[in-house]
Amino acid sequence: MRDFVITVLVLAPAGAVAGILWSLVAPRAPYVATSRGPLLADPSTQALIAADGWFAVITGVLGLVCGAVGYRVSRGGRPLPVVVGLAAGGLLGAYLALVVGAAVNLGAVSVTASGTSRPLIAGPLTLTAGGVLFAWPTLAAGLFFALEGIAGYRDSPLRRPFGGNDPYGPLSSYDISGR
C-alpha cells in the first residue's frame, strides 16, 4: 500500500506542472462577444483540436517518463503497487493538469482577425476529446508492462529451452553459406 500511495502522491504535483505547461503552449479559440454571450468566431477553427493535441503530447510524455522511472524504482521490489499507482496517479495527474491548465490561463493573448467589427476574445482552455485524459496512465502502465516483459523474457529459462545444452550446437557454429 505504501508504494501505491507514494506513486500517486508523486504524480499529483507533476499534473499541476503539466497543466501550467499546457496553458502556456495550447492555442485558444477566438470567440466573438455578442449581446447573447460569447460565440465561437470561427466554427472551423483548429485551435480546439490543437489544445487537445498539446494536452495529449504533454501528458503522454510524462506518462512515458513516469513509466520508465516507476519501472526502475520498483525493479527490486513489488511491481504491482507501483504499476497500479502509475495508472491511478496518471489519471489524477491528467485531471489536475486539466483543472490547473484551465484555471491558470497563461497563454491567453490578444486574438485578432480580419473582417470583423465585433471584439474578439480568447476562449477558455478546455478539452473537446475527453479520451486524451487517459494518455498519461495508459502510456505509463504500458511502458512499465513492456519493460517488465522484456526483462522477464531476458531472465526466462524458456530462452534456453534445452538448459543451455542445445543438441544442434551453438548458433555461432552454423555457417549460412553451406560450408
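Q: In what order do the elements of the chain run from the N terminus on?
A: This is a predicted model. Its elements run α-β-β-α-α-β-α, starting from the N terminus.

Q: How many helices and strands is that?
A: The chain has 4 helices and 3 strands.

Q: What share of the residues counts as buried?
A: The chain has 179 residues, and 32% of them count as buried.

Q: Let's go inside. Which residues touch the most other members of the largest nonpolar core?
A: Trp22, Phe55, Leu86 and Leu127 do. That core holds 24 residues.

Q: Which elements give two or more residues to this core?
A: Four helices do: α1 (2-25), α2 (47-74), α3 (79-104) and α4 (135-155).

Q: Which one gives the most?
A: That is α3, with 6 residues.

Q: Which side chain has a polar atom 2.7 Å from the backbone oxygen of Phe55?
A: The side chain of Thr59. Thr59 lies in helix α2.

Q: Is Thr59 buried or exposed?
A: Buried. Its relative accessibility is 1%, and the cut-off for buried is under 20%, so Thr59 qualifies.

Q: Which residues is Thr59 in contact with, beyond four places in sequence?
A: Val132, Ala135 and Trp136. Val132 is also touched by Phe55.

Q: Now Gly85. Where does Gly85 lie?
A: Gly85 lies in helix α3. Gly85 is buried, because its relative accessible area is 0%.

Q: What does Gly85 touch, with residues up to four places away not counted?
A: Phe4, Thr7, Val8, Leu11 and Gly90.

Q: How far apart are Gly85 and Leu9?
A: In sequence, they are 76 residues apart. In space, their C-alpha atoms are 9.0 Å apart.

Q: What share of contacts joins residues at least 24 apart?
A: 81%, among contacts between residues at least 6 apart in sequence.

Q: Switching to the surface. Which residues make the nonpolar patch?
A: Ile20, Leu21, Leu24, Val25, Trp54, Val57, Val61, Val65, Val69, Val73, Val104 and Leu106 make it. The patch covers about 1,000 Å².

Q: Which helices supply at least two residues of the patch each?
A: α1 and α2. The largest share comes from α2, with 6 residues.

Q: Pick one, say Val65. How exposed does Val65 count?
A: Val65 lies in helix α2. Val65 counts as partly exposed, because its relative accessibility is 44%, and that class runs between 20% and 50%.

Q: Last topic, charges. How many salt bridges does the structure hold?
A: It holds 1 salt bridge. Asp3 forms it with Arg2.

Q: How far apart are the closest N and O atoms there?
A: They are 3.6 Å apart. In general, side chains of opposite charge can pair when their charged atoms come close.

Q: Is Arg2 buried or exposed?
A: Exposed. Arg2 has 60% relative accessibility.

How values were computed. Residues are numbered from 1 along each chain as its sequence is written. This is a predicted model: local features need pLDDT of at least 70, side-chain atom pairs count only at pLDDT 80 or more; totals for chains, interfaces and linings use all residues. Side-chain values use heavy atoms; hydrogens and water are left out. A nonpolar core is a set of buried Ala, Val, Leu, Ile, Met, Phe, Trp, Tyr and Cys residues joined through side-chain atoms within 4.5 Å. Buried means under 20% relative accessible area, exposed over 50%, partly exposed in between (1.4 Å probe, protein chains only). Contact means heavy atoms within 4.5 Å. Patches are made of residues with over 30% relative accessible area and no salt bridge: like charges are joined within 9 Å, nonpolar side chains (Val, Leu, Ile, Met, Phe, Trp, Tyr) within 5 Å. Accessible areas come from the Shrake-Rupley method with a 1.4 Å probe; for residues, only the protein chains shown count as cover. A salt bridge is a side-chain nitrogen of Lys or Arg within 4 Å of a carboxyl oxygen of Asp or Glu. A polar contact is a pair of N or O atoms within 3.5 Å; within protein, one must be able to donate a hydrogen and the other to accept it, and residues adjacent in sequence count only if both atoms are side-chain atoms.
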